[in-house]
Amino acid sequence: MPMRPGRCYSHITSQPYTRKEYIHGAPQPKISKFTAGSPAVQGNYEVRVQLISLERGQIRSNALESARLMASKYLSTTVGDSNYFLVVRTYPHQVIRENKMMAFAGADRLQDGMRLSFGTPVGVAAVVDIGDAIIDVFGRASDLDKIKEALRRAASKIPHRTRIVIREMRGQGPTQKASQGPSKAA
């Protein structure tokens, strides 16, 4: 059975469901790595740019993975692997459940509908609040436009409105400049 659209799970509708020791068959997150680039850049960066959430909700692990892949692929081709360091700040703890329903002729005789409809685990999601950092990118000041473009591309994979914020520029003191208005993922 194919995955349901992300809009089905992007809003928080119930209590947290994170105790994996009680959940049998809880799936692993689809995100393979939480970092990309060169970790040495994190110690001596010139600029730190973040992708900030403007809405409260859930982001599925496959959306986080596709956002990470999109940003890291763009940065590695334009900036080079040794000139940036990307970190995914959120971790998908929330287990998503689904009460699977059959949709074919005669299905009403085979399923129970809403009787015992707790659901089976189908994936995991990260719960984000307003102002939470989703992705951090450390890099050089000369690559600032390319870093912002990479985060803009990553924001298109996130199901919530986001904003790209320059958190810190070395040599000019700490700043918190908003570089763009809100962007909405498709």
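Here is a short chat about the predicted model shown above.

Visitor: What pattern of helices and strands does the protein chain follow?
Guide: There are 3 helices and 9 strands in the protein chain. Read along the sequence, they give β-α-β-β-α-β-β-β-β-α-β-β.

Visitor: What is the distance between the end C-alpha atoms of helix α3?
Guide: Helix α3 covers residues 144–155, which is 12 residues. At 1.5 Å a residue it should span 16 Å, and the model agrees with that. The end C-alpha atoms are 16 Å apart.

Visitor: Within what arc do the buried residues of α3 fall?
Guide: The buried residues of α3 are L144, I147, K148, A150, L151, A154 and A155. Seen down the axis of α3, they line one face of the helix, because they fall within an arc of 160 degrees.

Visitor: And which elements are included in what covers those buried residues of α3?
Guide: Both a helix and strands turn up here. The cover includes α2 (61–78), β2 (47–53), β7 (133–139) and β8 (162–169).

Visitor: Over to α2: which elements do its buried residues pack against?
Guide: α2 has 18 residues and reaches 26 Å from first C-alpha to last, close to the 26 Å expected at 1.5 Å a residue. Its buried residues include S61, A63, L64, E65 and A67. Those buried in α2 pack against β1, β3 (57–60), β4, β6, β7 and α3.

Visitor: What follows α2 with a positive phi?
Guide: Its phi is near 105 degrees. The residue is G80.

Visitor: How many residues does the largest nonpolar core have?
Guide: In soluble globular proteins, nonpolar side chains tend to be buried together. The residues with the most contacts inside this core are V49, L64, L75, L86 and I135. Elements giving two or more residues to the core are β2, α2, β4 (84–88), β6 (120–128), β7, α3 and β8. The core has 31 residues.

Visitor: How many residues are in the other core, the one apart from it?
Guide: Among its members are V41, Y45, F85 and F138. This core is of 5 residues.

Visitor: Is Q58 buried or exposed?
Guide: Q58 lies in strand β3. Not counting residues up to four places away in sequence, Q58 touches Y9, S10, H11, I12, Q94, A125, A126, V127, P159 and H160. At 9% relative accessibility, Q58 counts as buried.

Visitor: With which side chain does the side chain of R140 make a polar contact?
Guide: R140 lies in the loop between β7 and α3 and is partly exposed, at 34% relative accessible area. Leaving aside neighbours within four places in sequence, R140 is in contact with E46, V47, N83 and I147. The polar contact, at 3.0 Å, is with the side chain of D143.

Visitor: Last one: how far apart in space are G25 and T120?
Guide: G25 is in the segment before β1 (35–37), and G25 is exposed, with a relative accessible area of 60%. G25 and T120 are 95 residues apart in sequence. In space, C-alpha to C-alpha, they are 8.3 Å apart.

Note on methods
Residues are numbered from 1 along each chain as its sequence is written. This is a predicted model: local features need pLDDT of at least 70, side-chain atom pairs count only at pLDDT 80 or more; totals for chains, interfaces and linings use all residues. Side-chain values use heavy atoms; hydrogens and water are left out. Helices (H or I, at least four residues) and strands (E, at least two) are DSSP runs, numbered from the N terminus. The expected span of a helix is 1.5 Å times one less than its number of residues. Buried means under 20% relative accessible area, exposed over 50%, partly exposed in between (1.4 Å probe, protein chains only). The arc is that of the directions from the helix axis to the C-beta atoms. Contact means heavy atoms within 4.5 Å. A nonpolar core is a set of buried Ala, Val, Leu, Ile, Met, Phe, Trp, Tyr and Cys residues joined through side-chain atoms within 4.5 Å. A polar contact is a pair of N or O atoms within 3.5 Å; within protein, one must be able to donate a hydrogen and the other to accept it, and residues adjacent in sequence count only if both atoms are side-chain atoms.
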